[in-house]
Amino acid sequence: MHKTKTNSFFSKHYLCDKHNRVNTYLRISLTPYCNFNCLYCKPLKYRPYRNHNMNIKDVLTLCRWMISLGVEKIRFTGGEPLLFPNIVNVLEFSVSQGVETAITTNGFFLYKYINDIMRLRIKVNISLDTLDRKKFKKISGVNGFDRVWESINRFMDQDYPLKLNVVVMKGINDDEIINFVNLTRDWKIHVRFIEFMPFNGNRWGWNYCMKGSEILDIIRKHFPIEKLNDEPHSVARSYRVSGFAGTFAVITSVSEPFCHTCNRLRISSTGKLLYCLFDDVGIDLLPFIRTNDFERFKRTVGAYVRRKPLMRAGKELNPEITSFAMTELGG
Ligand code: SAM
Ligand code: SF4
């Protein structure tokens with residue numbers, strides 16, 4: 001067993017790249033599969049008989065070894081991470097290693113796991129792009145609004161901190177921005193409006209992508225808003241409507257990228273280390289994990305991280321910016 005040392009000077013710097021960013025936040029795509037088929041995403045369709053690329057042993061070893069190199073926060077995502085077998089064991093393990101543990105989910109299966117998630121104090125982001133039952137089916141392909149909404153209400157009843165992710169698409173759900181902000185009136189919830197990003201096969205274009213500045217303009221016309229302080233590596237710019245209990249933010253990954261303060265690394269659902277959402281090469285870590293070769297794992301990770309380019313994996317923004325689907329990369 002390799003010792004976990006989360007805060008030592010050495011391990012923090014082991015994940016430092018050539019632009020002096022210390023990459024201590026790891027996002028792991030547990031599976032490329034999803035039970036939804038959101039318009040802006042391209043998941044592989046989930047079939048119960050399909051194997052996930054990584055098994056639980058791979059995932060736990062990955063977490064343990066990455067933590068030993070200095071990772072301080074892990075977010076489990078996908079595809080739909082709640083489809084991963086033994087997901088509670090994965091979350092429990094991550095928490096037991098002393099790192100901040102988070103999950104991003106479409107919320108459909110949350111009802112099964114809500115007690116475990118609250119017990120472990122996992123940070124939860126739920127993706128919800130509409131408050132309209134019919135539109136929910138149109139966007140996600142699944143008649144699941146009521147089930148997701150019920151879980152959100154259960155969290156709110158317990159005053160559990162919750163973030164909602166809303167991908168804003170022109171002509172699809174931009175008419176609901178104010179309804180989402182209204183949720184923050186009485187609920188201590190954090191709503192994040194995300195710009196629609198290009199990924200393989202999602203037919204991205206500026207005609208659908210609503211900029212963060214446009215979203216803020218709409219909100220300002222309805223409410224007086226105050227800017228809040230953001231954490232140093234935050235990708236979100238946070239605001240509050242004066243007097244409201246909750247908060248909201250815009251995530252401007254397309255119009256104003258925040259690469260210069262990025263502290264993220266990613267593991268794809270196939271076990272590749274990626275330095276960025278737009279890195280479509282990556283480096284395969286599974287051979288080292290499956291042969292229990294920590295020394296080569298460590299050298300490979302260190303060398304790859306040091307090369308992390310300053311912006312968008314060194315590429316220009318365009319609809320073919322990556323050959324991966326969002327679900328393989330872990331959004
Ligand atoms: N299935 C889970 C979910 O939907 O929360 C986790 C995976 S999903 C890929 C992670 C996040 O990426 C979600 O909040 C989703 O809305 C966002 N996302 C997916 N495709 C996107 C795109 N093209 N542009 C911006 N955000 C996107
Ligand atoms: Fe599935 Fe999440 Fe992609 Fe929607 S955004 S299809 S829920 S992985």
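1. Two strands count as paired if DSSP finds at least two bridges between them. That matters for one residue pair here: phenylalanine 76 has isoleucine 103, in strand E5, as its bridge partner. The model is predicted.

2. Overall make-up. The protein contains 11 helices and 14 strands. Of its 331 residues, 57% are buried. Its accessible surface is about 14800 Å², and carbon and sulfur atoms account for 49% of that.

3. Contacts along the sequence. Take the contacts between residues at least 6 apart in sequence: 71% of them join residues at least 24 apart.

4. Strand E5. This strand spans residues 100–105. Five of its six residues are buried, so the rest of the structure largely encloses E5. Buried here means under 20% relative accessible area.

5. The E4 side. Strand E4 covers residues 73–77. E4 and E5 pair in the parallel sense, with four bridges.

6. The E6 side. Strand E6 covers residues 123–127. E5 pairs with E6 over four bridges, in the parallel sense. Threonine 105 stands opposite isoleucine 126, which lies in E6. Helix H4, residues 110–120, makes a right-handed β-α-β unit with E5 and E6.

7. Putting E5 in place. E5 has parallel pairing with E4 and parallel pairing with E6.

How values were computed
Residues numbered from 1 in each chain as written. Chains lettered and ligands numbered in written order. Predicted model: local features only at pLDDT ≥ 70, side-chain atom pairs only at ≥ 80, totals over all residues. Heavy atoms only, no water. Helix = DSSP H or I, 4+ residues; strand = E, 2+ residues; numbered from the N terminus. Buried < 20%, exposed > 50% of the residue type's maximum accessible area, 1.4 Å probe, protein only. Contact = heavy atoms within 4.5 Å. Areas by Shrake-Rupley, 256 points an atom, 1.4 Å probe, with all protein chains shown as cover. Right-handed = clockwise from strand over helix to strand, strands pointing away.
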